[in-house]
Amino acid sequence: MPEILRSPTGIAGAVLLSLVAVAVLAGSFVAPYDPQAFHPATRLTGPSAAHWLGTDQFGRDLLSRLLNGAPSTIGFGLGATLLGVGAGTVIGVIAGTAGGWVDSVIMRVLDGLLAVPELLFTLLIVTILGGGMGQAMLAVALAFTPGMARIARSSVLSIRTREYVLAAVARGEPGCYIVLREVLPNALGPIIVEATIRVSFAIMIGATLGFLGLGAQPPSTEWGLMVAEGRQFMFRNPWVVAVPGVAIALAALGFNLFGDALRDSLDPRRSVRG
Amino acid sequence: MTFGYLLRRLAAVLLVLFIVTFAVFAITMILPGNAAIMILGEYGTPESVAALERQLGLDRPWYVQYADWVGGVLRGDLGQSLRLSLPVSEVVGQAFWNSAVLAVTALVAVTVIAIPLGVVAAIRRGTAADLVIGLFAYIGASMPEFVTATLLLVFLAGPATGLLPAGGFVAPGESFAGFVSHVLLPAGTLGLILTAHISRQVRSEMSDVLASDYIRAARLKGLRERRVIRRHALPNSLAPAVAVISLDIGYLLGGIIVVEEIFAWPGLGRLLIYALENRDLPVIQAVTLLLATVYALSNLIADIVIALLDPRVRYA
Amino acid sequence: MTNFMVTRRGVMIGMAAASTLPGLGWAQGTPKTGGTLKISHSTRIATLNVLTNSGPAEYPVMDMVYSGLTRIGPDNQPMADLAESWEGNADATEFTFKLRSGLTFHDGTPCTADDVVATYEAILNPDIPASALSVLNMVDTVEAVDDTTVRFTLKTPYADLPTSTAHTNARILSRAALSGDLAALDTQVNGTGPFRLESYDSARITRLVRNENYYMEGRPYLDAVEMHLFPDLAAETTNFLSGDVDAMLTVQQADYERISSSPGIAAKRVPSGRYVNVVMRQDQPPFDDLRVRKALALAVDRQLLVDIVLEGLGRPAYDNILSPEFKYRIDTPEIPYDPEQAKALLAEAGHPDGIKLTLVASNRPAIRAQVAIAIKQMALPAGFDIEVETMPHDTYLANVWRKGNFYMAYWGMQPTEDATFNLLLTSNASYEDSAWMNTEFDALVEKGRSTTDEAERAAAYAAAQELILRDTPYIIPFFEDVVTASRDDVADWTVHPISRYFYMENAWLDRA
């Protein structure tokens, strides 16, 4: 773990993620104003002493709204990824360990699902379920599952033939034991790396759905929704779209950088070359 | 790469398409509201809604509607748009060309820019150039399209600068200059993110290749660096580059939806959003079918190209 | 708004219009012929079927290619269109319209009383979807007395029939078109309007060209009109400002300031009776208690809504569904923003600790959610704990509209008091959703529509409005202005506050 923090990407990623964590955990307590309160006299103004990041069309403080929206935006990313990773890992491990026709069937189905472009898949599911954050999270998790299952499966497949696994099989250990104690811990590496990077995608897709009006609904402070609502005012006060937009980018960037650093630190070839 | 393999892949694609369209159909059946209600809006009385539903054939049982549609597709008839009263093939066909123009413009520009960028970053690994390119790539990959598009609009199309139009479409046939000015921002938005992905992949693959044994051997043989790169490193990095480009087609198909919406580009993405909002089932079906087909076929083609480029790859 | 003194005879008889419309004072010099007017819009022109179209961009196109027996003029009174005059009998149960002679459709075939009869028979036919039916359902028979005379016989007396025949979906189609495949009406046009359809691409441009055989001599001035689609509002505005189009059909309130201060642009705001109304269903708690409705009415800061949601482009309203433009509107007292009093009223009604509610707003148009959010904040100090629930428009139409107990509705202006009351408030109104069901109100509205005596009508409508103000069936916080913009060399282009009548035959381009 500490090696990650030696590489520039790792450090940058960790810094950004810490900022994000602070915003998510402490944001609501630190916010200077009620994110929903109107201050009509100072609407659509840029940064000032009273409002550090400016105000929106209703006169609501942008900094407060940003902090207030952090949990939903980031939480969406984490939640959707966890769900997708969880479901995908279970399916992938089953396919990888079971082998045979179980594996074949699952692979066919996965291939089928992977044939649909991700955003399109998400859009269709969200349209059935109706808009809303919960529904959008489910949709994104469903869209991630096949990809994660594939990775989990190939990870398991490559572990299956390792000596320690074969040794366990030779010892006569029960299947569950092998999976839980030998295979899973070693397969987790690539899964975690992929998951970390996926969080950044989930954040972006969640924000995109919010932007299209299919994810978070007003008066939520989810960052994608903030950009969507602010667009018609963007020429009068660019801060209304710049603030949430840059925040989304920084959060996604943090997860991206950290995930890459994680991958580099886990990959033996790369650490040899340095 | 046998003929049998190809056939099996194609059959799998067809099966997938069938499942996808059935799923889409089922989805729209479950949704509240239908095209007739959306057309009449708040001025619809129950009688006029029922009359319109009869007119549009929405009162038939769902399996009849689906079978009717599938039969039509096999005959080459994609049906009639419920909202737009035009044949779906016309509506979707035109949109497809517009999207294709945008996508191809973005891809071409990206390939021309991204691959060299990745190569440079790999060759000059660890230097300032690598860092800058890497930074740009990271940031590009972390910005959702709507953020990039909005920021570009604010800076380049706002009233202060007014350098480029804020949206709209001009066909290349009508006015090439007009086309270029209108395509720059949407293609640029797509391109920025694509460039980020592709250049990173190319850099990563190139780095691997440059460190591999046979490159070391080539260098030891005394060949000049340029030749090493051009004759030995580059061709072996191309296969993964193609793989990434094909992966990015999937991203492109999604990104196009948002970009077209923001820039008022009359392509498939915008058409899909409009059709979803208005429950225009035949159009939703047709667009989904088209996008899924393009994606599946491009994956298949990419697999074939990779196999051709890299003889080490074996397919069962 | 000019208020014409209409005599008893004037209500029943419409005279042939002079070549200029009443109320248009600002002619910018001598009209020049020629040029193409480019108008941008942000919602699709999904159909050209004049019997059912309802999209905001479809109205101007239909207005340009089709004509009806009558039209609504800028003074809100019916004026002659295809009918040069009309006359009703004393008890408003029979109306005779005299058509102009020599009228032709775009394809050259004559337009006669028979086509009028065919059109109205189609509208009245329950198997043919027709939006105008709701204002024509009192018509019993329509017959052609001769080639240029049409007689309407009504089931019940209705003084405003000439307004109903001006309905945008009651334009005249040929019998030939109506006997053929009705689906063709979605994409083909054979009308009598000042322009005819040249090309129709609903994804981009719809092009209309001058009808050389239009019944008004020398009109239209324009060679052609093009409708350009820009679904993204920001893109539309920027393209307009850069000169790519000559006019914007609707301007977003947020952009008005920027647009009207740009050089070479004439931005127009026309006061209109368009409103957003808060529906509070009265047949269930909590809104069955008048005090709760009154409390909410006191918890809405109407001027603030005009300022921040409409950017000042509107007028505060105080729950009277009629805007000041209506002839029979009475003076309406202002309702102050008084959360303290609201809180007291709530306590009186049995909610001393406030009340929790869910307010539904569909996502189309965006103004519903914006007002809902603002109301949520404004009503908080009064003890209203409102959760705003937004949803896609079709879900709202299918699940909430006319069923839910607390939601935001949005209606355009109607041409008459009767049409306004019968849209929503009478017990058998077409889109009734308040559960007010007030028989006294119904009787007053009935009285108003079946008499032609000015004084009687005024009294009946005044009493009806008093009932509305007493019972607050809806909260109506403001009247929204109609806002359009054009380059300042586009002359004599008027948009009626109802946004369905455009008088495009008078517009001309002042370009060298």
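1. In chain C, 55% of the 512 residues are buried, a residue being buried if 20 or more other C-beta atoms, placed from the backbone, lie within 10 Å of its own. The model is predicted: local features need pLDDT of at least 70, side-chain atom pairs count only at pLDDT 80 or more, and totals for chains, interfaces and linings use all residues. Residues are numbered from 1 along each chain as its sequence is written, with chains lettered from A in the order in which they are written.

2. Chain C holds 16 helices and 20 strands, taken as DSSP runs (helices: H or I, at least four residues; strands: E, at least two) numbered from the N terminus. Its radius of gyration is 23 Å, close to the 24 Å from the globule rule for 512 residues, so chain C is as compact as a globular protein of that length. The radius is taken over C-alpha atoms, and the rule is 2.2 Å times the number of residues to the power 0.38.

3. Of the contacts in chain C between residues at least 6 apart in sequence, 72% join residues at least 24 apart; a contact requires C-beta atoms, placed from the backbone, within 7 Å.

4. The contact between chains A and C takes 17 residues from chain A and 18 residues from chain C. On the chain A side, 8 are nonpolar, 7 polar and 2 charged (nonpolar: Ala, Val, Leu, Ile, Met, Phe, Trp, Tyr, Cys and Pro; charged: Asp, Glu, Lys and Arg; polar: the others, Gly among them).

Definitions and conventions. Contact = placed C-beta atoms within 7 Å. Buried ≥ 20, exposed ≤ 12 C-beta atoms within 10 Å, placed from the backbone.
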